[in-house]
Amino acid sequence: MLNIYLGGGTTDREKFIFQNIKGRTLLLVPDQFSLQAERDAFFYLRERSLMDVRVVDFSSLGHKVVKQVGGRVPDLIDKYGRHMLLTRILGQCDEEMSIYRGMRGKNSFVEMLNGTISEMKRYGVTPEDLEKAVAGLADSSYLRYKIEDILTVYEKYQEQISGRYLDSEDYIDFYGEKILEAPMVREAEIWIYGFDTFTPKNMLIIERLIRASRGVNVVLTYEEGSEISGLTKQVVARLAAAAENAGDSMRQIAIDGMRRRTVWDAVAFHGNREESEDAPAEKAGRLRPLTLVEASNMYSEADRAAAYVLRLVREEGLKFGDIAVVCNDTDVRGGIIRRTFTRWGIPVFMDRKRKVLHHRAVGFLLALMEIIA
């Protein structure tokens with residue numbers, strides 16, 4: 001049975017899921033959402049450990065299925081291996097290219113090509129499909145030349161990995177065939193949450209889960225008249241087709257009475273989660289935790305932020321370590337913030353990526369190797 005639960009933007013879908021989980025459960029979420037899903041599981045289930053609930057994404061699900069079923073696992077190539085392979089292919093076929101000739105030494109182009117091939121494979125676009133697209137374009141079309149160049153690289157890439165390696169996209173097909181044999185799937189109920197849409201390969205996995213598991217439940221966001229309502233309808237139609245292909249039935253169920261807790265509720269009720277869930281909106285809106293400040297430039301902006309940080313420390317009793325300044329442009333604003341905060345006597349730690357060569361330990365090792373050499 002496939003159950004599709006539809007809730008609005010203010011619906012507390014997490015609470016609904018964990019209130020309805022029973023027995024052994026696989027919670028399938030996007031790759032970047034697994035940690036938060038585990039935190040939600042601990043919070044709502046009120047458990048110190050998760051015994052019957054496993055949080056997985058499509059990649060980890062495949063690894064667990066293959067490990068449980070057994071058999072030979074082919075060598076895998078990740079995006080970094082594909083990047084190196086594409087770099088070599090571009091060097092070999094540079095003379096065959098037209099628009100993209102001379103791009104073999106540019107990492108940015110290789111990264112773009114890497115993402116393009118990954119996207120095409122996720123959506124089932126084959127070199128044959130590109131050939132058909134080229135045939136429908138005019139001979140003088142720049143788009144034709146671009147697609148021909150991509151097709152040249154795509155075909156050579158497929159030749160290089162055929163029978164030798166599996167990339168992350170082909171790995172979905174590989175473990176999809178083993179789902180029907182996996183006890184962890186047959187004995188569990190599946191909950192799928194956090195997705196707005198699914199690629200064709202993901203839909204194939206969902207179809208296999210419908211065939212093998214005790215039941216599949218998909219939670220989607222839907223509000224009549226909103227911008228995403230059309231997308232949700234398309235996803236529901238594709239899920240219905242998957243259930244039909246699996247020989248199973250489908251139900252659509254609206255989630256009612258599950259209002260999502262917001263930041264306004266948390267402030268109005270001093271963080272009491274249970275009390276704030278059923279609070280009226282007008283009461284929750286009395287206190288405003290969001291303040292907008294207009295600044296003339298980046299320097300004034302940093303000064304206002306520093307003054308506010310000092311007020312929190314001196315008047316509210318907070319510690320500097322309790323306060324975070326979120327900035328989406330540390331390359332430009334980072335230096336300004338550091339200098340301004342230092343001038344105000346505020347200790348600053350900049351959490352950003354740095355090249356490994358800047359680390360003192362690496363510098364010490366390199367200097368030591370130079371001395372030995």
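Start by selecting strand β2, residues 25-28: T25 and L27 point one way, L26 and L28 point the other way, and all are buried. Buried here means under 20% relative accessible area, exposed means over 50%, and partly exposed is in between, using a 1.4 Å probe and protein chains only. Helices (H or I, at least four residues) and strands (E, at least two) are DSSP runs, numbered from the N terminus.

A word on what you have open: this is a predicted model, in which local features need pLDDT of at least 70, side-chain atom pairs count only at pLDDT 80 or more, and totals for chains, interfaces and linings use all residues. Residues are numbered from 1 along each chain as its sequence is written, and side-chain values use heavy atoms, with hydrogens and water left out.

**Stop 1**

Two strands pair if DSSP finds at least two bridges between them. Click on L27 and look across to its bridge partner in β3, V55. Then try L28, which stands opposite V56 in β3.

Now bring in strand β6, residues 189-193, which pairs with β2 in the parallel sense, again over four bridges. Here T25 has E189 as its bridge partner.

Next, show helix α2, residues 34-45: together with β2 and β3, α2 makes a right-handed β-α-β unit. Right-handed means that, with the strands pointing away from the viewer, the path from the first strand over the helix to the second runs clockwise.

**Stop 2: around helix α2**

Stay on α2 and select D40, which is found in this helix. D40 is buried, with a relative accessible area of 13%. What is D40 in contact with, leaving aside its neighbours within four places in sequence? Show E14, F18 and F33; contact means heavy atoms within 4.5 Å.

While F18 is on screen, move on to the rings. The structure holds 12 aromatic pairs. Rings of Phe, Tyr and Trp (its six-membered ring) pair if their centres lie within 6.5 Å; planes under 30 degrees apart count as stacked, over 60 as edge-to-face and the rest as tilted. F18 and Y44 are a stacked pair, with 6.0 Å centre to centre and 10° between the planes. Because F18 lies in helix α1 (residues 13-20) and Y44 in helix α2, this pair ties together parts that are 26 residues apart in sequence. F18 counts as buried at 8% relative accessibility, and so does Y44 at 17%.

For another geometry, select F195 and F198: their ring centres are 5.0 Å apart and their planes are at 35°, so this pair is tilted. Both F195 and F198 are buried. Then pick out Y5, F16 and W191, which form one aromatic cluster.

One more ring to visit is F43, where the charged end of R46 sits over the ring, 4.7 Å from its centre. A charge sits over a ring if NZ of Lys or CZ of Arg is within 6 Å of the ring centre and within 35 degrees of the ring normal.

**Stop 3: the nonpolar cores**

A nonpolar core is a set of buried Ala, Val, Leu, Ile, Met, Phe, Trp, Tyr and Cys residues joined through side-chain atoms within 4.5 Å. Which members of the largest core touch the most other members? Select L61, Y175, V185, I192, F198, L209 and L239, out of 40 residues in that core. Helix α10 (residues 200-212) gives the most to this core, with six residues. A second, separate core has 22 residues, including I89, Y100, L113 and I117.

Go back to Y175 and show its contacts: leaving aside neighbours within four places in sequence, these are F58, L61, G62, V65, V66 and I205. Y175 is one of the buried residues of α8. That helix, residues 168-176, is mostly covered, with seven of its nine residues buried.

**Stop 4: out to the loops**

Select K319, in the loop between α15 (298-315) and α16 (330-343). Is K319 buried or exposed? K319 is exposed, with a relative accessible area of 61%. Draw a C-alpha to C-alpha distance from K319 to G70: 52 Å in space, and 249 residues in sequence.

Finish at T126, in the loop between α5 (107-122) and α6 (127-135). T126 is partly exposed, with a relative accessible area of 29%.
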